[in-house]
Amino acid sequence: MHNVLHMIVKDSMVLIHLAKITLLEKSCKYFKKTIIPKRVFDEVTKCKEKNFVDIKIISNLVERNEIKVIEIKNLKVLEKINEFNIQGGEGEAVALYWQENADYLATDDDNVRKKNQLLNIKLIGTPVIILKLYEEKMIDKNKFVESIDKLRKIGWFSNAILDKLSMEVK
């Protein structure tokens, strides 16, 4: 059995990126427990008309309890995070990471990534999740390459990062 990571908090961007490359469900199987704050769920589902397929994938996983939506209990913690200028769903994702004592926070948000040392968070992003799924043989090389290509088209990640990933698989 592959070494399963335990609990991960995902923010809106990661959910959408993984849904777009049709790896969200597999990533939920890889991590034993995927949790998101209520605010992230709201952010993702409120833009229904834009990219319906992504939202359907995310909503289905929530309905099937493969992604659990959890409320933030301590709003003081949230205020503290807001002081770092991390707002909205990203702020709640950090708060949830601390609240639930999660193993990882999955974010593609540069602001949070820059501050992770400060916040003492173990971060992981969409590109690394794709690599892990490949290393654990949950996706084959074709799917890996196709996923990297789709990420290039989405245009959120630097080509340097994506090139480095591609090199690991050649």
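Of the 170 residues in the chain, 50% count as buried, where buried means under 20% relative accessible area, exposed means over 50%, and partly exposed covers the range in between (1.4 Å probe, protein chains only). The model is a predicted one, in which local features need pLDDT of at least 70 and side-chain atom pairs count only at pLDDT 80 or more, whereas totals for chains, interfaces and linings use all residues. Residues are numbered from 1 along each chain as its sequence is written, and side-chain values use heavy atoms, with hydrogens and water left out.

The secondary structure comprises 11 helices and five strands, these being DSSP runs numbered from the N terminus (helices: H or I, at least four residues; strands: E, at least two). The radius of gyration of the chain is 15 Å, which agrees with the value near 15 Å that a compact globule of 170 residues would have; the radius is taken over C-alpha atoms, and the globule rule is 2.2 Å times the number of residues to the power 0.38. Along the principal axes, the C-alpha atoms fill a box of roughly 45 × 35 × 35 Å. Among contacts (heavy atoms within 4.5 Å) between residues at least 6 apart in sequence, 68% join residues at least 24 apart. The accessible surface of the chain, computed by the Shrake-Rupley method with a 1.4 Å probe, comes to about 9,100 Å², and 52% of this surface belongs to carbon and sulfur atoms.

The chain carries 30 positive and 25 negative side chains, and the centres of the two sets lie 2 Å apart. In this count Lys and Arg are positive and Asp and Glu negative, while His and the chain ends are not counted; the place of a charge is taken as NZ of Lys, CZ of Arg, CG of Asp or CD of Glu. Side chains of opposite charge can pair when their charged atoms come close. The structure holds 10 salt bridges, each defined as a side-chain nitrogen of Lys or Arg within 4 Å of a carboxyl oxygen of Asp or Glu.

One of these salt bridges joins the side chains of Asp 54 and Lys 20, at 2.9 Å from N to O. Because Asp 54 lies in helix 4 (residues 52-63) and Lys 20 in helix 1 (residues 12-20), the pair ties together parts that are 34 residues apart in sequence. Asp 54 counts as buried, at 6% relative accessibility, whereas Lys 20, at 32%, counts as partly exposed.

A further salt bridge, at 3.4 Å from N to O, is formed by Lys 29 and Glu 25, which are four residues apart in helix 2 (residues 24-30) and therefore separated by about one helical turn. Lys 29 is partly exposed at 49%, and Glu 25 is partly exposed at 35%. Glu 66 and Arg 64 also form a salt bridge, their closest N and O atoms being 2.8 Å apart. Through salt bridges that share partners, Glu 25, Lys 29, Arg 64 and Glu 66 are joined into one network.

Helix 2 also contains Ser 27, which is buried with a relative accessible area of 0%. Leaving aside neighbours within four places in sequence, Ser 27 is in contact with Lys 10, Leu 18, Ile 129 and Leu 133. Phe 144, in helix 10 (residues 141-154), is buried with a relative accessible area of 1%. With neighbours within four places again left aside, the contacts of Phe 144 include Ile 130, Tyr 134, Leu 165 and Val 169.
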